[in-house]
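Please open the model in your viewer and keep the selection tool at hand. The tour below goes from stop to stop, saying what to select and what is there.

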Amino acid sequence: MIVQIYSVTSVADALSLADLGVDHIGFVAGVYGEVKSELPFDQARAIADALRGRAKASALTMSTDLAEILRMADAVRPNIVHISTDTDAVGVPALRELREALPPGIQLMKAIHVDGPESIAAALAFAPIADILLLDTKVVGLSGVGATGKTHDWRISRQIIDQVGNQASVILAGGLTPENVATAIHATRPWGVDSFTGTNHPGSGRKDLSLVRRFVEQAMLAE
């Protein structure tokens, strides 16, 4: 079971998460005014460099400009580029163009807003292009997909995971905590699980390492 944790803001925190067994360590690369934990490219690059050989660095972007996303990928050199805008804001043709332009070795992760049955069609459309699909929650009033602290209908996520098959790896996100991650895994059988708000210090963007440790333990026990 792959464990992905967002969002770190320092090299020290990133290395602490790696020590706890986190596989994908995420951060927001680029100052877009959308997320509190955004990092300039040089700080994001320092985290990516520090993690090499220890865990995968996942760089989340809120940009819809392909040239800007590629500029970020070139400057930060993450293992994963995470497109976290609204699902349709970077559509299938744009994602295909981005996939072809990214440097070799960088994986592409696409966030999918899980809502009704239409989410299944969206996921299946992106699956042949993206290396990883992130099934997450969207709420009105927040830009992009994710960072809500809210779960969605895991029955739809399970249908997506079953139908995507081997076309892409699927990570389940959205309101996952140490208390519910095992239940979520049993309900959906994903390749990986993701946590942001559920492993933060309350009222803070900083990671609570005790919550991260419990999240990793529960995910591994449920595998």
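Which helices and strands do the buried residues of helix 5 pack against? Before selecting them, note that this is a predicted model, in which local features need pLDDT of at least 70 and side-chain atom pairs count only at pLDDT 80 or more, while totals for chains, interfaces and linings use all residues. Residues are numbered from 1 along each chain as its sequence is written, and side-chain values use heavy atoms, with hydrogens and water left out.

Select helix 5, residues 118-126, and within it Ser119, Ile120, Ala123 and Phe126, which are its buried residues (buried means under 20% relative accessible area, exposed over 50%, and partly exposed in between, with a 1.4 Å probe and protein chains only). These residues cover an arc of only 135° around the axis, which puts them on the same side of helix 5; the arc is that of the directions from the helix axis to the C-beta atoms. An α-helix has 3.6 residues a turn, so residues three or four places apart point the same way. The partners of the buried residues are helix 4 (92-101), strand 6 (107-113), strand 7 (132-136) and helix 6 (154-164). Helices (H or I, at least four residues) and strands (E, at least two) are DSSP runs, numbered from the N terminus.

On the helix 7 side, the contact (heavy atoms within 4.5 Å) is made by Val181, Ala182, Ile185 and His186, and on the helix 8 side by Phe215, Gln218, Ala219 and Ala222.

Moving on from helix 7, select Arg189, which lies in the loop between helix 7 and strand 9 (192-195). Arg189 has a positive phi of about 55° although it is not a glycine, and at 39% relative accessibility it counts as partly exposed. Then select Arg77, found in the loop between helix 3 (66-76) and strand 5 (80-83), where phi is near 55°, again a positive value in a residue other than glycine. Arg77 is partly exposed, with a relative accessible area of 32%.

For the last stop, select Tyr6 and Ser7, which are joined by a cis peptide bond with omega near -15°. Ser7 is in the loop between strand 1 (2-5) and helix 1 (11-19). Most residues other than glycine have a negative phi, and most peptide bonds are trans.
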